[in-house]
Each structure stands twice: as C-alpha cells, then as structure tokens.
Amino acid sequence: MSDKNRSQWDLGRFIETLSYFEVIPFLNCIKQLIQGRPQDKQARPDGGKNVGVILVAGATGGLGKRVVGRLKQRGYQVRCLVRDIEKARSILGNDVDIVVADITKPETLNALLMANIQAVICCTAVRVQPVEGDTANREKYYQGIKFYQPEIVGDTPENVEYQGVKNLVEAAAKYLTAANEKLIFDFTHPSAELKNVWGALDDVVMGGVSSSNVQITENKAVFAGNVSTANSGGFASVRTKNFDPPFNLFGYTGVELRVKGDGQRYKIFLRPDATWDGLGYSYSFDTVADTWLNIRIPFTELTPVFRAKTVKDAPLLDASRISSFQLMLSKFEYDGALNPNFTPGGFSLQVEWIKAYDGKTLPQFILVSSAGVTRPGRPGINLAEEPPAVRLNDQLGGILTWKLKGEDSLRASGIPYTIIRPCALTEEAGGQEFIFEQGDNIRGKISREDVAELCVQALEQSQAYNVTFEVKQGENQASVINWQQLFSQLQPDK
Ligand SMILES: NC(=O)c1ccc[n+]([C@@H]2O[C@H](COP(=O)([O-])OP(=O)(O)OC[C@H]3O[C@@H](n4cnc5c(N)ncnc54)[C@H](OP(=O)(O)O)[C@@H]3O)[C@@H](O)[C@H]2O)c1
C-alpha cells in the first residue's frame, strides 16, 4: 500500500471480515472477553437442521441405536423417539436430540416430536424374549441364531406392530412435506439465526476498497454497497458462515434464487468444504433492473473455481456436503475475462429466498418389518422349514400378521416409503454382501449392523421409493457396495 495514488485500504475492515468468518477465530474470543459475551454457540450454523431432521423410532433397540450412530456419522440431524429417557441417554449418549413418546399413544406423537422432520426410520418392535428369561442385555434374544422358545412380554403385537406403527405413520404424514423442494434461506420470514449467518466479504481481503453489506429486512435480504476498481480490486460479496454439519442437498437438481437486481451480472458460489479460501463452485446470472426473477442453477452447470480461475480437473460438486453460500458482484468473470454487465459504483441485489429444487422422490418413511410376514396361513407352506416367528405366529399373538397390517397402513398412507423385511437379526459384525428378494420366500440371517446401513442408504436412493423387499446376508464379504445397482433390482409395489 505504499503507492500514494492508491486509495486508503482499511486494516480494521480486513480484520473484521476475517474474524467474522472465523479465519482468525482468536479475535472473536478477544472481542467476547472485552464485551463480556459468552461463547457464541451460533457461530457455526447448522446445515442439517435447515434441511430437516431424521426421526428414529425404537432408537434404544438393537437396530435403532445403530441407525442413530450411522445417521450421525453421515452428518444427518437426528431425533430419537424413546420411551425411557434414562435408558436412552445411557445407550445413545448426551449429544443427540431425544424426545419421549410412545407409538401406542397418539397424543405423544406431537409437534415437539415431529417438527421439521425430513424422514422417519421406524425400528420399533414388541418385546420378544426366551420363555426361560434373558440376561439384562438381552444377549439370548439378540444373538438371533440359537433357538430359544420365545414369548411376548409387555404390550401386544396388535398394539405395537399395527396400531403403534399406524399412529406413527398418521402423525408423520401431517408433518412430512413434499420432498422435491427445500427452502434453504427464507428471507421472507427471517429468523434470528438467519440474520447471524450472512456477512460481507469484499475485496478488502485482497487489498481493495470495495464495501458491501447485507441487510435482512422484514421480508427480503438486500445485498448492496459500492464496488471500486481501485487498488486492483473490483468485487464485493456476502457469504454465509460455514454450516456444520454442511447442507445435504443430495437428490436435488440444483438451487433456485428469487432475486431483484439492477441489471448487473452477479455470481453465486457454493463451497463444498470449510476451508476459508478453497475450491468454490460458481455460476453467473444476469439480473433485470427492478424485476423479480427466479434463477435456476443446476448443480451440473456450476463452474469449479479457485478465486476467479477455473479449475479444470475438479470433480462435480458433491451436493450432499455444501458448507457455505456466497453472492458476489465482480468486475471479472473467470480466467481474467471481464464481466460484461458490470459498472463500478453502487449496486443492489434483493433476495427473497434460496431453495433446492426438483428433488427426486426419495423415501420418507423407512419401516423395518420382518421376512415371513405373509407366510402364516399361506397355502403350501412347509412350517417345519420356516423360522420360529412363522411357526409360532399364533403363540406370539399374531406377531407377523400384525406386522403385515402395520406395513399395509404405510403403503396406504401416500408417504413415499421403503419397507425392509430382514431375516433373523444377529449381533455379528456385518460387512457381508446383501441378498435382496421380493415375494417373501427367503430364509437366512443378517447382522443388525448391515440392516442399519441399509436403512440409512435407503434414504438417498430414489430406487428405494415405494418398495417392499426381504433381505439376508450372502456368503461373501462385500468390499464395495453399489447401492444404486442393488436397489435397482427391486420392483416398486403396485
Ligand atoms: N430379532 C429378529 O431376529 C428380527 C427378525 C426380523 C425382523 N426384526 C425386526 O427388526 C426390528 C428391530 O429389531 P431389534 O431386535 O433390533 O429390536 P429391539 O432391540 O427389540 O428394539 C425395539 C425398540 O422398539 C421400542 N419400542 C417398543 N414398543 C414401543 C412403543 N410402544 N413406543 C415406542 N418405542 C417402542 C423399544 O423401546 P424400549 O427400549 O423402551 O423397550 C426398542 O427401542 C423390529 O421391527 C423387529 O421386529 C427382528
């Protein structure tokens, strides 16, 4: 900045910018100490919450707890429906959202439980155990292979497997919204959190003197300021803080913006990782002065860039992990080319919302049922060869018959679903190949670990939409699983 002809560069704004975006986080701490504010828990906004929560019913069970673990690992926001909070905390820990409810009591399936749900995974089951009793950890029941004479303990299969599942389906149907569109930023109803998420990021970080800000009014965001080309600068932008977990927009075609500009060409950036100055995926769009426009940006048309240089061999954007969004007005297009619709000086871009659009229909209710549900009473069935639940269906209160009725209530609900019917569940480590079947004829076993993975994978497979299938493990270990191919064997229910 020694050149006297250069405009006055502002060190204060430079530091403000970097500390807002936590590039130099210690400055935030110092500021908080001086101002006596507690640590800002909002500093890293939550991208999972913005695209909904996965509700897991039966989260304290052998399968349910593994589903919760895998969802968390994959960055989903999880809520657990449990009957006993103490038991749930001891199994699931403290860093998971737990709501006490009982699927046999519809009044407990309320807004507190259901708010903002994106999908449900139901792993509930009536309690079955050996007549001779089990250990405190249910080891005899859980091992799944050695046969013990079983009995139902507690509530009846009719109440849990049918009426309970039906209650959960009906409650979820009221709260699940069509999944093919997802509001990401709704400036027409701005929340306090939204106001804390967007901040200015101008060419001051490169030595320039442009300045901008974002004002979130009652019903829109206004990105405005002044772009100066002094000091080799020439851009102004507003960017979100990094979301943690990032946004998962898997299955959507792209993002759509509703904007009113001033006739200039703006850019939007989506960033896959949380690094400050890393790879961005950019798209330029023209505005028409004083006219509201809907701009659709397919993920496949985003250009990978580092600053304003295109990155030739970068992969396509992974829409399942988007850490931040940025809007920019720049003198430059890409690789040194000039923005043809740019005038230095004042500018203004109004935004009503940003959403993900044209999502595939993905399952929103994954029900874990059981192989054998259609076999009791089936003509020609050889009971001697059938698993205990089929042989003993009557003695076990019609467990499979009621499970089938529970399935029927989901199939009739109109909610996009997947019904998984596993063979005998074991506590083995898993990692075996999957064998899928339809028609309810297979016998075998499968690890709860593998069924948990299947439940989580089904959420992201459009081929899992409205299918019912049985599953068991194969002989071989599976090194890599092509989930799309696996699910593509399945026929949707009629
Ligand atoms: N075991 C097998 O070999 C086998 C074979 C095929 C299919 N399946 C099916 O696979 C699924 C998972 O089995 P699993 O053995 O892992 O289950 P599990 O360990 O017995 O867990 C059952 C879960 O359901 C919950 N639950 C029961 N009644 C409830 C109610 N009224 N409201 C809310 N939650 C309730 C239990 O909560 P609490 O902790 O409060 O009791 C528990 O979390 C079940 O659908 C089962 O039928 C099992």
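The largest nonpolar core here has 42 residues, and those with the most contacts inside it are Phe 185, Trp 198, Leu 249, Phe 285, Phe 299, Phe 325 and Leu 327. By nonpolar core I mean buried Ala, Val, Leu, Ile, Met, Phe, Trp, Tyr and Cys residues joined through side-chain atoms within 4.5 Å, with buried meaning under 20% relative accessible area for a 1.4 Å probe, protein chains only. Strand 19, residues 345-357, supplies the largest share of this core, five residues. Apart from it lies another core of 40 residues, including Leu 63 and Phe 434.

A word on the model: it is predicted, local features need pLDDT of at least 70, side-chain atom pairs count only at pLDDT 80 or more, and totals for chains, interfaces and linings use all residues. Residues are numbered from 1 along each chain as its sequence is written, and side-chain values use heavy atoms, without hydrogens and water.

Next, the sheet. Seven strands form an open sheet in the order 8-11-18-13-14-16-17, with antiparallel pairing. Strands are DSSP runs of E, at least two residues, and helices runs of H or I, at least four, numbered from the N terminus; pairing takes at least two DSSP bridges. Strands 11 and 18 are joined by five bridges, and Phe 235 has Ser 330 as its bridge partner in strand 18.

Last, two helices. Helix 8 (157-175) and helix 11 (399-411) pack at about 10°, axes 8 Å apart; the axes are lines fitted to C-alpha atoms over the stretch in contact, with angles from 0 to 180 degrees between N-to-C directions. That makes the two roughly parallel, a label for angles under 35 degrees.

Notes: Parallel < 35°, antiparallel > 145°, perpendicular 65-115°, else oblique. Buried < 20%, exposed > 50% of the residue type's maximum accessible area, 1.4 Å probe, protein only.
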